[in-house]
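Subject: Structure handover

Hi,

Here is the structure I said I would pass on. Have a look at it first, and then read my notes below.

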Amino acid sequence: MKNVWRIIIVTCFFSLSVSAQALAETIKLWLREDLTECTGVGKQQCFWVKYRAEGSWELLYSQIEGFSYKPGYRYILLVDRIKREQVPADASVYRYKLKKVVQRKKMPVKAVKSTLPEQGNAGQIYGTKWKLLRINGADAGPTKAFIRFEEKEKGVHGNGGCNGFFGAATVSGDSIGFSEIASTLMACIDGKISQLESDLFTLLRNQVFTYDIRAGKLNMYHKGALVLVFAEDEQAMQKAGIQGRVIWKEGNQMPGPGQRNGGSRPVEREILIYGLAGSKDVVAAGEGGFYKEVHTHLIGSLRSDREGNYHYALPAGTYSVFVKEKGLLYANRSDGEGNINPVIVSAEGIAKLDIVIDYAAAY
């Protein structure tokens with residue numbers, strides 16, 4: 001009888017081990033030298049990661065167990081990626097556990113680059129009142145602090161919470177240089193607001209930052225660290241632009257008797273907005289809505305959040321919208337005149353555009 005129980009116990013242990021191994025795989029992970037505020041996840045900081053050397057950077061919403069991260073260093077890691085059997089709400093499908101640090105390389109400040117095309121950044125930074133959200137990794141809290149960039153004057157002005165400020169600002173590619181920052185000299189009664197204002201002015205005076213704009217947020221980096229986060233003013237967000245969701249579809253979307261339904265879910269993707277593009281303005285990558293190149297002007301780029309939602313402020317005009325998919329640009333619809341995934345933005349309205357990725361679906 002003891003032998004029978006021993007066999008049963010060994011069998012159960014073996015089954016559990018096989019099951020655990022089936023849920024885990026060892027992968028190589030590249031980590032960028034800077035963190036960013038996760039899109040749609042409050043104050044959480046996310047890693048920028050790649051799954052192959054030539055891949056594009058994307059957000060990782062999970063922590064890596066056993067790994068100690070230091071900003072300013074680029075890492076190559078071997079990790080166990082373990083699929084959860086029961087996924088908690090708002091959690092990643094996977095857990096990540098460090099196996100080995102393959103490489104740790106100190107990166108120069110100039111190597112911290114925006115993931116957005118630099119053509120889109122400079123144009124989008126102007127004409128917006130940017131409200132301060134975070135400073136030196138901390139929540140700014142209730143504050144009147146904001147910043148606004150002036151393109152023609154190559155200047156900047158704003159408010160630190162009590163005092164107005166102004167000065168010169170040079171925006172070039174993915175960098176911003178400030179100089180000659182001065183302010184009014186009113187006394188701040190609130191100590192917290194006074195300290196926040198002092199920290200903001202100290203950062204801005206004679207400093208050079210790298211920056212990017214994602215999901216309506218202006219992120220500014222200094223020496224590899226994310227030090228300032230601003231958000232589009234609510235009034236500006238309500239004026240003009242596009243918003244919607246990115247939806248993935250797969251399988252049979254028109255099932256008959258005895259046939260399985262296809263799937264549909266919101267997804268996070270990089271979205272690229274171009275000047276209106278027709279069939280003569282693109283280089284197709286075969287069939288099915290994939291393109292290698294778009295030759296109209298790139299207006300800007302952003303990422304949808306984990307629920308597929310996105311919003312982008314735009315001046316009035318007509319644009320073509322693509323998503324990054326399989327390392328290419330994807331858009332699956334056109335109008336009667338051959339324009340690819342067009343959207344018309346009026347001067348005082350938000351245009352609704354849901355982006356459907358359905359090359360894996362059947363109708």
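Predicted model: local features only at pLDDT ≥ 70, side-chain atom pairs only at ≥ 80, totals over all residues.

First, a term you'll need: two strands count as paired if DSSP finds at least two bridges between them. With that in mind, E150 stands opposite G155 in strand 10. Strand 9 and strand 10 run antiparallel and are joined by 5 bridges. They make a hairpin with 4 residues between them, and K154 in that turn has a positive phi of about 50°.

Strand 10 also pairs with strand 11: again the two run antiparallel, with 5 bridges joining them. Here H157 has F166 in strand 11 as its bridge partner. This pair is a hairpin too, with 4 residues between the strands, and G161 in the turn has a positive phi of about 125°. As for strand 10 itself (residues 155-159), 4 of its 5 residues are buried, so the strand is largely enclosed by the rest of the structure.

The mean pLDDT of the protein is 79, and 80% of its residues reach 70 or more. Confidence is lowest in helix 1 (residues 2-22), with a mean of 49, and highest in strand 24 (residues 328-330), at 94. Residues 13-22 have pLDDT below 50, and beyond near neighbours in sequence that stretch has 1 contact in the model. Residues 109-120 are also below 50, but that stretch has 36 contacts beyond near neighbours in sequence.

Now the cores. The largest nonpolar core has 29 residues, and I125, F149, F178 and L228 have the most contacts inside it. Among the elements that each supply at least two of its residues are strand 9 (146-150), strand 11 (164-172) and strand 12 (175-183). Helix 3 gives the most, with 5 residues. Leaving aside neighbours within four places in sequence, I125 touches W130, F149, V171, I176, Y211, I213 and L218. There is also a second, separate core of 22 residues, which includes W248, L302, V323 and Y330.

T296 lies in the loop between strand 20 (290-294) and strand 21 (298-303). A polar atom of the T296 side chain lies 2.7 Å from the backbone oxygen of G275. Apart from neighbours within four places in sequence, T296 is in contact with Y274, G275, L276, A277 and D281.

Cheers

Notes: Residues numbered from 1 in each chain as written. Heavy atoms only, no water. Polar contact = N/O pair within 3.5 Å; in protein donor to acceptor, adjacent residues only side chain to side chain. Contact = heavy atoms within 4.5 Å. Core = buried A, V, L, I, M, F, W, Y, C linked by side-chain atoms within 4.5 Å. Buried < 20%, exposed > 50% of the residue type's maximum accessible area, 1.4 Å probe, protein only. pLDDT = per-residue confidence, 0-100.
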